[in-house]
Amino acid sequence: MTLPNKQVQELRKAKKLNEALEVGHYALQQDPTNLWLKRSLAWVYYDFVKKAGEQLSTSGNELTEVRKNEFVNEMRTYSRKYA
């Protein structure tokens, strides 16, 4: 049987970020003090932030105020979920 944190890591490396979050959060409900699982989930959130930043930087040279605000809101969402 694969440890939940290892399963989250494998899903993350396979770029299945949403599935990694689902598995991780379910496992965290079963074992809320699992530090390794929390760390694995932190890396998943990091990848979400990184992905959003990459999308922002490739959206063109001109960043509209709306797109900047969308990015900030995405970061807030990920930060709150992680917290």
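**How helix 1 packs, and what surrounds it**

Modeller: Let's start with helix 1, whose buried residues pack against helix 2 and helix 3. Please keep in mind that this is a predicted model.

Colleague: Thanks! Which residues of helix 1 are the buried ones?

Modeller: They are N5, V8, L11 and R12.

Colleague: What makes you say that the buried residues of helix 1 line one face?

Modeller: Looking down the axis of helix 1, its buried residues fall within an arc of 125 degrees, so they line one face of the helix. In general, an α-helix has 3.6 residues a turn, so residues three or four places apart point the same way. On the other side of helix 1, E10 and K13 are exposed.

Colleague: How many helices and strands does the protein chain have?

Modeller: The protein chain has four helices and zero strands, and along the sequence the pattern reads α-α-α-α. The C-alpha atoms fill a box of roughly 50 × 25 × 15 Å along the principal axes. Of the 83 residues in the protein chain, 29% are buried.

Colleague: Now to D47, please. Where does D47 lie?

Modeller: D47 lies in helix 3.

Colleague: And how do you know whether D47 is buried or exposed?

Modeller: The relative accessible area of D47 is 13%. Buried means under 20%, so D47 with its 13% counts as buried.

Colleague: Which residues is D47 in contact with, leaving aside its neighbours within four places in sequence?

Modeller: With those neighbours left aside, D47 is in contact with R12 and L17.

Colleague: Why is the pair of D47 and R12 called a salt bridge?

Modeller: The closest N and O atoms of D47 and R12 are 2.8 Å apart. A salt bridge needs a side-chain nitrogen of Lys or Arg within 4 Å of a carboxyl oxygen of Asp or Glu, so this pair at 2.8 Å qualifies. The pair links distant parts of the chain, with D47 in helix 3 (residues 35-57) and R12 in helix 1, 35 residues apart. As a general point, side chains of opposite charge can pair when their charged atoms come close.

Colleague: How many salt bridges does the structure hold?

Modeller: The structure holds one salt bridge.

Colleague: Next, the largest pocket. Which residues line the largest pocket?

Modeller: The lining consists of R12, K15, L17, D47, K50, K51 and E54. Helix 3 gives the most to this lining, with four residues, and the volume of the largest pocket is about 150 Å³.

Colleague: Why is K15 called exposed?

Modeller: K15 has a relative accessible area of 68%. Exposed means over 50%, so K15 with its 68% counts as exposed.

Colleague: And what makes K16 partly exposed?

Modeller: K16, also found in the loop between helix 1 and helix 2, has a relative accessible area of 44%.

Colleague: How far apart are K16 and V44 in sequence and in space?

Modeller: K16 and V44 are 28 residues apart in sequence and 9.3 Å apart in space, C-alpha to C-alpha.

Definitions and conventions:
Residues numbered from 1 in each chain as written. Predicted model: local features only at pLDDT ≥ 70, side-chain atom pairs only at ≥ 80, totals over all residues. Heavy atoms only, no water. Buried < 20%, exposed > 50% of the residue type's maximum accessible area, 1.4 Å probe, protein only. Helix = DSSP H or I, 4+ residues; strand = E, 2+ residues; numbered from the N terminus. 1 Å grid on protein atoms, 1.4 Å probe; cavity = no way out; pocket = protein on both sides within 12 Å on 5 of 7 lines; lining within 4 Å. Points joined across faces, edges and corners; volume = space filled by probe spheres on them. Contact = heavy atoms within 4.5 Å. Arc of directions from axis to C-beta.
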